[in-house]
Amino acid sequence: MLFPTFEFGIFFLIVFVVSWELRRTVDLRKLFLLAASYTFYGWWDWRFVGLLVVSSLANYLFGRALGGLERDGLRRTIVGLAVIANLSVLGFFKYYGFFLESLDDILITLGLERDLPFLEVILPVGVSFFTFQGISYIVDVYRRDVAAQRSAVDICLYISFFPQLVAGPIVRAAHFLPQLEDKPTLTPAMVGLGITLVLSGLIKKMVIANYLATELVDPVFFDPSVLGAVDLLIGVYGYAIQIYCDFSGYSDIAIGLAALLGYKFNANFNQPYRSASLREFWLRWHISLSSWLRDYLYIPLGGSRKGEWGTYRNLFLTMFLGGLWHGAAWTFVFWGTFHGAMLGVERYVSRRFASLAPPVEGEPQVVSRISDAASWVVGVIFTFHMVCFAWIFFRAESFGLAFDYLIGFGDWSTPVQHATPFLVMLIAGALVFHFTPPSLGRWIGEGMKWLPSPALGPAFGAAVFFIWAVAPEGVAPFIYFQF
Amino acid sequence: MNAVTPIEMEGVVERFDDMGALEEGWAALSKADLRDEEMTRKSVARVRRAFVITVLILLVFNSAGLVQLVQGLSIGPVQDTIIVMSETWHGEMERHGVADVLSDIRTWVTELVQRSWDDVFFADPDLRLGEVASGADEDQKDRTGLLRGAVLETSGS
């Protein structure tokens, strides 16, 4: 069941009405939301609901075991087992085929060809997301950031709650579990924010991302060798906007739906293309994943406490594994590795630059302001193009196509075929949005907060109808479903 | 926490002389909880009404979508009735011209999507570079044809 469909609309109406009717009986409400979440997930493939239940219950039991123990050694063993169990599920479903194919290639290259046990493994939707949430819970219990839950329903609901189940944002146990204990409330602010985010997500996904995908990005990346530099350049800008609108659109809808059900999720995107450095980009892009990687991978590896070279190694490893998390293909590995390497280079250069040219005392304020503004503009443009370069490998089906894409930038004579004014306008509009006030969404939400239903209903209804009418026909799945 | 604890059951708030004498099924709620409950009740009702209006708007203006949705239903007497009702509803919306709003918007957007750079920079077809001469030729041909037809008619009569 995809968010922007009639089926989901009917499903959410039922869930909204029934769950709020049950608000006085908190336990019954949680059971109902859990059943609704399994129905939502089972809509794709009922067989994988079992996997979701088993994964949730295993994490619940690991949590209970950790909660009842004091001995550090035993606790470490249990948390290790829990992480291995979670990663094994992810590894089998997501990477089994990839590792076997890679092994097969290596054996063929070495002249040691063997019959390997290839299997047709179907990737369960959202497996990366619910696995990471399970690990988050276990590690938080181990660190004593959150108490081991006594209620299995709470853990199952935390891992399976339908708004964030299949494509995030990755919710932290310490943030979500306390909300399940309280009686749910729906404030006017949550209504305003929820409605605004749902509409903004629908516009981003159904209009901007879908038009860019069908009219520009898919044809450009299908065979870049026959296109000129202008199409390729606009094509990669288009992909940068498409993936942003697709994924942040999903996150907006997820956060908005959760708000309408009385739960608060943290923001997952914060105008990422206004970043003046890669470090800043990762603080604004897929925030729930980058903070997850920081807290559960980068810091346990030693973070920046292991000296200068240790920090570079940890940055590189974190981004390498972050790339592999995105997909079982070498192009994703390259994407993560490139980001890891460039984060290291950026850190090195900025430190050297700071030591070579320290701020001058007594410099006129106007001069320092102009130089700050100029370096910010250069930083934004440079960072955006670095990110776009990496997106080519992220989107291309193979390294061959990615290299064809890069070679095509040398050809400025082929006439433009795909970059139409409408698509360029969409890209420009989405980029301009990145430089609007960060609180714009909250302001619109504030405006909606007190609208009475005779005004809110027609405004919401007209907006949904207009988005539906303007969007291209058919519903494309979200990009991050495959991860 | 608020010190005042009124007693509430099924929305009725009462006070007892003996605050300790709570009968089974009664619960003590703080004023803050009562305020939250009232605010939630109002917000839920507001969103519910807004959703009902949204559904009505979509039923009226996107009746084609309704037909598309119900055609995915399995075969059965109830489903068949729903399909017939939906198609009748869509027919009514088409008859009153309401369903045309969707197709009008889609036509306008399709034109916008298909617009080329030439369309944008040379909006007036007569001003398109390189097309002035060919346009003039086309115009000339039409007039020649008209003249030829006139001549033939004259000669045939």
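This is a predicted model: local features need pLDDT of at least 70, side-chain atom pairs count only at pLDDT 80 or more; totals for chains, interfaces and linings use all residues.
A:C245 takes part in no disulfide, and the nearest cysteine sulfur, that of A:C388, is 13 Å away. As a general point, a disulfide is a covalent bond between the sulfur atoms of two cysteines. A:C245 is buried, with a relative accessible area of 2%. A:C388 is also counted as buried, at 2% relative accessibility.

**The interface between chain A and chain B**

The size of an interface is often given as the accessible area lost when the parts come together. For chain A and chain B, the area buried between them is about 3,500 Å², and 73% of it lies on carbon and sulfur atoms. The contact involves 48 residues from chain A and 33 residues from chain B.

How many salt bridges are there between chain B and chain A? The count is 5. On the side of chain B that touches chain A, the helices α1 (31-61), α2 (63-70), α4 (100-114) and α5 (117-121) of chain B each supply at least two residues. The largest share of this side comes from α1(B), with 19 residues. Sorted by class, the side of chain B that touches chain A consists of 19 nonpolar, 6 polar and 8 charged residues.

**Salt bridges**

Over all chains, the structure contains 20 salt bridges. The table presents three of them, including one that crosses between the chains.

| Salt bridge | Closest N and O atoms | Relative accessibility |
|---|---|---|
| A:R24 and B:E37 | 2.9 Å | A:R24 54%, B:E37 13% |
| A:D295 and A:R294 | 2.9 Å | A:D295 15%, A:R294 40% |
| B:R41 and B:E38 | 2.9 Å | B:R41 40%, B:E38 32% |

The pair of B:E37 and A:R24 runs from helix α1 of chain B to the loop between α1 (6-21) and α2 (26-42) of chain A.

In chain A, A:D295 forms a salt bridge with A:R294. A:D295 is buried, with a relative accessible area of 15%, while A:R294 is partly exposed, at 40%.

**The surroundings of A:P300**

Where does A:P300 lie in chain A? A:P300 is located in the loop between α12 (287-298) and α13 (307-326). Leaving aside residues up to four places away in sequence, A:P300 touches A:R143, A:R294 and A:D295. Two of these residues, A:R294 and A:D295, are the partners in the salt bridge described above. By contrast, A:V230 is 70 residues from A:P300 along the chain, and the C-alpha atoms of the two are separated by 44 Å.

Definitions and conventions:
Residues are numbered from 1 along each chain as its sequence is written. Chains are lettered from A and ligands numbered from 1 in the order in which they are written. Side-chain values use heavy atoms; hydrogens and water are left out. A disulfide is a pair of cysteine sulfur atoms within 2.5 Å. Buried means under 20% relative accessible area, exposed over 50%, partly exposed in between (1.4 Å probe, protein chains only). Contact means heavy atoms within 4.5 Å. Buried area is the accessible area (1.4 Å probe) that two parts lose on being put together, summed over both. A salt bridge is a side-chain nitrogen of Lys or Arg within 4 Å of a carboxyl oxygen of Asp or Glu. Helices (H or I, at least four residues) and strands (E, at least two) are DSSP runs, numbered from the N terminus. Ala, Val, Leu, Ile, Met, Phe, Trp, Tyr, Cys and Pro count as nonpolar, Asp, Glu, Lys and Arg as charged, and the others, Gly among them, as polar.
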